[in-house]
Amino acid sequence: MMLRSRSFCFLLFVGLFLLSFQAIQAQNASSSPYSRFGIGDLQFNGLARNNGMGGIAQGLQHQYYLNLGNPASFSAISMTTYEVGMNLTLNQFETSSIKQQSHTTSLGYFAFGFPVKSKKWGLGFGLLPYSNVGYSITDKRTNVLNSIELHTYKGSGGLNQFFFANGFSLSKKLSAGFTASYLFGVLEQNRTVEFEDPTYFNTQLTNSTAVGWFHFNLGLQYTMDSLRISPSDSIKMFDHLLEVSRDSMCELNHLRKNTSDSLIRTDCERKISEMTVQNKNTAKLRSNVVHRHDKGDWGLTFGVTVAPSASLRARNSTLAYNFKYFDYTTKDQVLVRDTVLNTEGEKGTIKLPLSLGVGIAAKKGNQWLIGADFNLQNWKDYSAFGQNDSLSDSWRVGAGVQFTPNDRALKSYLKVVQYRIGVHYAQTFLQLNQTQLNETGVSLGLGFPIRRAGTTVQFSAEAGSRGTTENNLIREKYIRFTLGFTLNDRWFLKPKYD
């Protein structure tokens, strides 16, 4: 059974990896006009489990689940774990006069982690989207010559990150970790100006930026959890001692009632008296252990991460030319008149800002988990090839809860399902027309464990809104569904017994 389970996990892992790799090669995972700014729409660095709880990650750690938001959490894993997820996003864009809908699908995440030393040192790697660009905007204008111009703006591409994570325990309560990521991808932007008068020459500008460089993230977690010093096995030992003692007292009491020998009766009464006192002491010790266990069943974890500012190496190519359509009715062939600008492989840097994150998470056994995060990024320092993009510092706060009725229930499957809910609010780095755009959202999540397969199917749904229709801006409403799989296996663990 175990061999078949491992084979299933391995085949599923390989299949999901191939699907993920294919998806990341072909994805155009954004349709937001706001992806025009900076390096595009930033993607949340979390899994379906995090999404369902408002995106919290700083204080989370678990022996069976990965947490990519804080690398220190890799020190807590005890089994080889794979995480794969896909996203489906439904968007509605609206201005003060029009509305438009769209949808996109994309790779959510692919991650792999394993313990080098169980619950003390863990490693991992994986592939994640870092940002997405995908927009198409058309604007019709009338110029000073009273001619109609059609301005078209299109963008595609984005950045992905291949990461390596390392988390290790510095003491029983403190753990540290780091993530080294290689960011890579191409950002494409096209601008076209076309005239309704076919005698005019049109203009097209194509800009392509290829990025490839390293980015780092450091993390710490401090956990207060007294469960480790009050093992529940000691409760079973006291229960066994009390049961044996009660049986002995019953036998002695039976012997005392049925014997005619006064010496034996006296000896039985003396032993029963001694055992009664001994049982009271044992019951008191058991009560103390139960109290410590109840107290220790609570855990509290503080987390903090720092991602230093990074200068990503990039190459930029620009091509601008004038053209006419050979046939203006079909627009299927163009006649290029001359090239205005043509540069290839211009070297430069894209400066990413400093990021800080703090959070806290509290748990009660395996039943309750509650947490909150605060993250800050100074996007005012962002620049690409020495040019700023009028971005503002951003921050985000999120909170979430997970409830599992009884993770060991055998008769009711609904009791082992993990139920999650969360909220978040953010001020984004987008500042347009003297207005900094805000984002709000609520999320729900479910975790469906598959018994004997070491697998949990994770699902989350997040509904939110970004921007406003005031000041000639666009409000973006979205519903994002994430379907993920968590697979556990026992690779690299040395068995205690042969």
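**Notes on the model**

1. Gly365 has a positive phi near 55° in the hairpin of S11 and S12, where three residues lie between the strands. Strands here are DSSP runs of E with at least two residues, helices are runs of H or I with at least four residues, and both are numbered from the N terminus. Two strands count as paired if DSSP finds at least two bridges between them. S11 and S12 are antiparallel and share 10 bridges. Within this pair, Ser355 stands opposite Gln377 of S12.

2. A word on the source: this is a predicted model, in which local features need pLDDT of at least 70 and side-chain atom pairs count only at pLDDT 80 or more, while totals for chains, interfaces and linings use all residues. Residues are numbered from 1 along each chain as its sequence is written, and side-chain values use heavy atoms, with hydrogens and water left out.

3. The loop between strand S11 (355-364) and strand S12 (368-377) contains Asn366. Apart from residues up to four places away in sequence, Asn366 touches Thr404 and Asp407; contact means heavy atoms within 4.5 Å. With Asp407 there is also a side-chain to side-chain polar contact of 3.1 Å. A polar contact is a pair of N or O atoms within 3.5 Å; within protein, one must be able to donate a hydrogen and the other to accept it, and residues adjacent in sequence count only if both atoms are side-chain atoms. Arg408 is 42 residues from Asn366 along the chain, with 9.7 Å between their C-alpha atoms.

4. S12 also pairs with strand S14 (residues 394-403), in the antiparallel sense and over 10 bridges. Here Leu369 stands opposite Gln402 in S14.

5. Strand S4 (residues 121-142) has several partners. Its antiparallel pairing with strand S1 (residues 41-42) has two bridges, and Asp41 stands opposite Asn132 in S4. Strand S3 (residues 99-117) is joined to S4 by seven bridges, again antiparallel; Gly113 has Gly124 as its bridge partner in S4. The S3 and S4 hairpin has three residues between the strands, and Lys119 in the turn has a positive phi of about 60°.

6. How many bridges join S4 to strand S5 (residues 148-169)? There are 21, and the two strands run antiparallel. Thr142 is paired with Ile148 in S5. Five residues separate S4 and S5 in their hairpin, where Asn146 takes a positive phi near 65°.

7. The second largest pocket has a volume of about 1600 Å³. Of its 47 lining residues, Pro33, Arg36, Phe37, Tyr135 and Tyr153 are the closest to its centre. On a 1 Å grid over the protein atoms alone, a pocket is an open set of points with protein on both sides within 12 Å along at least five of seven lines, a cavity is a set where a 1.4 Å probe fits but cannot get out, and lining residues have an atom within 4 Å of a point. Grid points are joined across faces, edges and corners, and a volume is the space filled by probe spheres set on the points.

8. Which strand gives the most to the lining of the second largest pocket? S4 does, with seven residues. Others that supply at least two residues each include strand S2 (80-94), strand S6 (174-195) and strand S7 (202-225). By class, this lining has 19 nonpolar, 20 polar and eight charged residues. Ala, Val, Leu, Ile, Met, Phe, Trp, Tyr, Cys and Pro count as nonpolar, Asp, Glu, Lys and Arg as charged, and the others, Gly among them, as polar.

9. There are two cavities of 30 Å³ or more in the structure. The second largest cavity holds about 40 Å³ of space. Its lining includes Leu47, Arg49, Glu83 and Thr486, and is made up of five nonpolar, two polar and two charged residues.

10. Beyond residues up to four places away in sequence, Asn51 touches Phe44, Ser443, Ser460 and Thr482.

11. Arg475 belongs to strand S18 (residues 475-489) and is partly exposed, at 24% relative accessibility. The side chains of Arg475 and Glu94 make a polar contact of 2.8 Å. Setting aside neighbours within four places in sequence, the contacts of Arg475 include Gln92, Phe93 and Ser465. The C-alpha atoms of Arg475 and Ser465 are 7.1 Å apart, at a spacing of 10 residues along the chain.

Technical notes:
Buried < 20%, exposed > 50% of the residue type's maximum accessible area, 1.4 Å probe, protein only.
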